[in-house]
Amino acid sequence: MMDSLRQNRTLQSRALLGLLAIFIASVLLNRTVDLDRQIEAPPALLNEPDLFMTHASISQINEEGSLTSKISADRFTHYPLTDVTTLELPRVALYTPNLTGPWTISSDKGRLLGVSVYRKQSVELWSAVRAEKSNPDGSTTTFVTDTLNVYPSENLAESETPVTIFIGNTQTRAARLRANFDQDTFLFNSNESQRVITTILFTP
């Protein structure tokens, strides 16, 4: 009688261990399948472009209905995750009420940064940046640099790279530049390798 009870308990224990092993195996199998699916599935939030425009422009108008700025490019590519629009051959025109002609700024590359709680709207330009404006006396004000951040809503621009500006018969070189286009003023800065140097060019 005692031997029969021991055998039954042994069989029950073995049966429970077998069921437990089957349960653990099924859990591991399901987990493996889920992991495989996760590996095969592409990430849900890739910063893929959602908008393309070619030979297009974006204009900004103030409350009085006057044109304040115009951003054009051969190609616009918008990335929604970062709200950044890359620009091919961008051109920026800034219109000021007190000046005769707009500032026109061009470069090879650029990107438009949308406004957010962390940043204000700006256009970052780089590679062969050139800004130009016609003056009432017929002369031209021009400056060239490698990079330039333009803030269209404020008519401001800043460069942290060496800049050369030509005004009439003068040429000024500086390490950095801050331009206020509304007031037609420029703030030049120097550093250890580049001082602010103005040269007067005399024509014979």
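Q: Let's start with R130: how exposed is it?
A: R130 has a relative accessibility of 40% and so counts as partly exposed, a class that lies between buried, under 20% relative accessible area, and exposed, over 50%, with a 1.4 Å probe and protein chains only. Please keep in mind that this is a predicted model, in which local features need pLDDT of at least 70 and side-chain atom pairs count only at pLDDT 80 or more, while totals for chains, interfaces and linings use all residues. Residues are numbered from 1 along each chain as its sequence is written, and side-chain values use heavy atoms, with hydrogens and water left out.

Q: Which residue does R130 form a salt bridge with?
A: R130 forms a salt bridge with E132, and their closest N and O atoms are 3.4 Å apart; the term stands for a side-chain nitrogen of Lys or Arg within 4 Å of a carboxyl oxygen of Asp or Glu. E132, at 30% relative accessibility, counts as partly exposed.

Q: And why can such side chains pair at all?
A: Side chains of opposite charge can pair when their charged atoms come close.

Q: How many salt bridges does the structure hold?
A: The structure holds eight salt bridges, and one of them joins the side chains of D74 and R91 at 3.5 Å, N to O. That pair links distant parts of the chain, since D74 is in strand β2 and R91 is in strand β4, 17 residues apart; strands here are DSSP runs of E with at least two residues, and helices are runs of H or I with at least four, numbered from the N terminus. D74 is partly exposed at 25% relative accessible area, and R91 is partly exposed too, at 35%.

Q: What about K133, what does it pair with?
A: K133 forms a salt bridge with D184, with the closest N and O atoms 3.8 Å apart. D184 lies in the loop between β12 and β13 (185-189) and K133 in strand β7, so this pair ties together parts that are 51 residues apart in sequence.

Q: Are those two buried or exposed?
A: K133 counts as buried, at 3% relative accessibility, whereas D184, at 31%, counts as partly exposed.

Q: New topic: which residues touch the most other members of the largest nonpolar core?
A: Those are V92, I105, V123, F143, V150 and F181, out of 24 residues in the core. A nonpolar core is a set of buried Ala, Val, Leu, Ile, Met, Phe, Trp, Tyr and Cys residues joined through side-chain atoms within 4.5 Å. The largest share of this core, four residues, comes from β7.

Q: What is I105 in contact with?
A: Leaving aside neighbours within four places in sequence, the contacts of I105, meaning heavy atoms within 4.5 Å, include V92, V150 and F181, as well as R91 and R130.

Q: And V84, where does that lie?
A: V84 lies in strand β3, residues 84-88, and counts as buried at 10% relative accessibility. V84 and L113 are 29 residues apart in sequence, yet 5.0 Å apart in space, C-alpha to C-alpha. Not counting residues up to four places away in sequence, V84 touches T77, H78, Y79, R111, L112, L113 and R119.
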